[in-house]
Every structure is written in structure tokens, then in C-alpha cells.
Amino acid sequence: MIALTDLLATEKLGEIMGECAAAGDVIILTGELGAGKTTITKGIAQGLGVTRMVKSPTYTIIREYEEGRLPLYHMDVYRIGPDADELGLEEYFEGEGLSVVEWGQLLGEVMPLDYLELTLTKVDRDEDARKVDFKAVGSHSEAFLKRILNGWENRE
């Protein structure tokens, strides 16, 4: 668990994640509306070197950002429901980029075999404070999580 005091800390964690990411990493973002899923994704994009503005893909489902160190595939599956298997998301998950999936717990059978899940939770006493819990599923994501935690501990 990591405690984040404000939105800048949330973005900084995301930036470290982007810096530590490798091709084929998958991040599943879980949390209520306004928990910071898109904010952390903006930080991830910065860490990858993406210069375009990152927007929530709520209505487009998938936004691709190719100009960084790795391609970033930012997905929001909130509105998809049981039709996720028809989108061909496996091609993204198994591709040469980093996949970040908001509301990824809704993927069901399309959930990749190896992924890192982040659960963002608002801290009641402060509107911008969050806590982040991590769950790595698979050896690839366990290594990714170790790189992230090491980067967070050694941040400036």
C-alpha cells in the first residue's frame, strides 16, 4: 500500500510506473468514480515520454499514444460490459506496449493471465489524498511491481 497525499503524488506514482514499464505490461485500474484512475494514467504517460494530453477514453473505449518510449494503450471498459471479448483486447495485452485499463475488473473472461492491479481509494479526510493497493498476478507483473516500488522508494 502507498499513501498519496495529493494529485501531484498520484501523478508522480504514475510517472514512476511509466518509467518502469516494459512491453507487454498490463495495468488494471480499479476504484470508484473520481478515485484518480485517469490522473495516474496521465503520470504513466509522462513517464513513457508521451507529450500529448491524455484524456479519459470513456466514450472512445481505447486511446492509443504511440510517441513515447513504449506505445500506451489507455482503455476504459466501464460501458462495455459482457461485450469486452469482441474488442480484440488480447492484441493490446500481448503487444509491444503498455496497456492501462480503467474499470478492468469488469473484463471477466478477457482478463489477461498476467497483470498488475491497482486499487485507488479516496481517503475521507482529504479530497485529494488516496491510498493505492497493489496486486500482481503472474511473474511478469510481480517483477513490474518490484521495479515500481523500488522507484517509489528512491524518488527525489
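A: A charge is said to sit over a ring if NZ of Lys or CZ of Arg is within 6 Å of the ring centre and within 35 degrees of the ring normal. The charged end of lysine 37 meets this description, for it sits over the ring of tryptophan 103 at 4.2 Å from the centre. Arginine 155 does likewise with tryptophan 152, its charged end being 3.8 Å from the ring centre.

The model is predicted, so local features need pLDDT of at least 70 and side-chain atom pairs count only at pLDDT 80 or more, while totals for chains, interfaces and linings use all residues. Residues are numbered from 1 along each chain as its sequence is written, and side-chain values use heavy atoms, leaving out hydrogens and water.

Helices (H or I, at least four residues) and strands (E, at least two) are DSSP runs, numbered from the N terminus. Because tyrosine 73 belongs to strand β4 (residues 72-76) and tyrosine 92 to helix α3 (residues 89-93), the pair ties together parts 19 residues apart in sequence.

Buried means under 20% relative accessible area, exposed over 50%, and partly exposed in between (1.4 Å probe, protein chains only). Tyrosine 73, at 10%, is buried, and tyrosine 92, at 18%, also counts as buried.

A nonpolar core is a set of buried Ala, Val, Leu, Ile, Met, Phe, Trp, Tyr and Cys residues joined through side-chain atoms within 4.5 Å. The largest such core has 31 residues, of which Leu13, Ile27 and Leu118 touch the most other members. Helix α1 gives the most to this core, with five residues.

Contact means heavy atoms within 4.5 Å. Leaving aside residues up to four places away in sequence, leucine 118 touches several others, among them Met17, Ile27, Ile40 and Phe134. Helix α1 (residues 7-20) has buried residues including Leu13, Ile16 and Met17.
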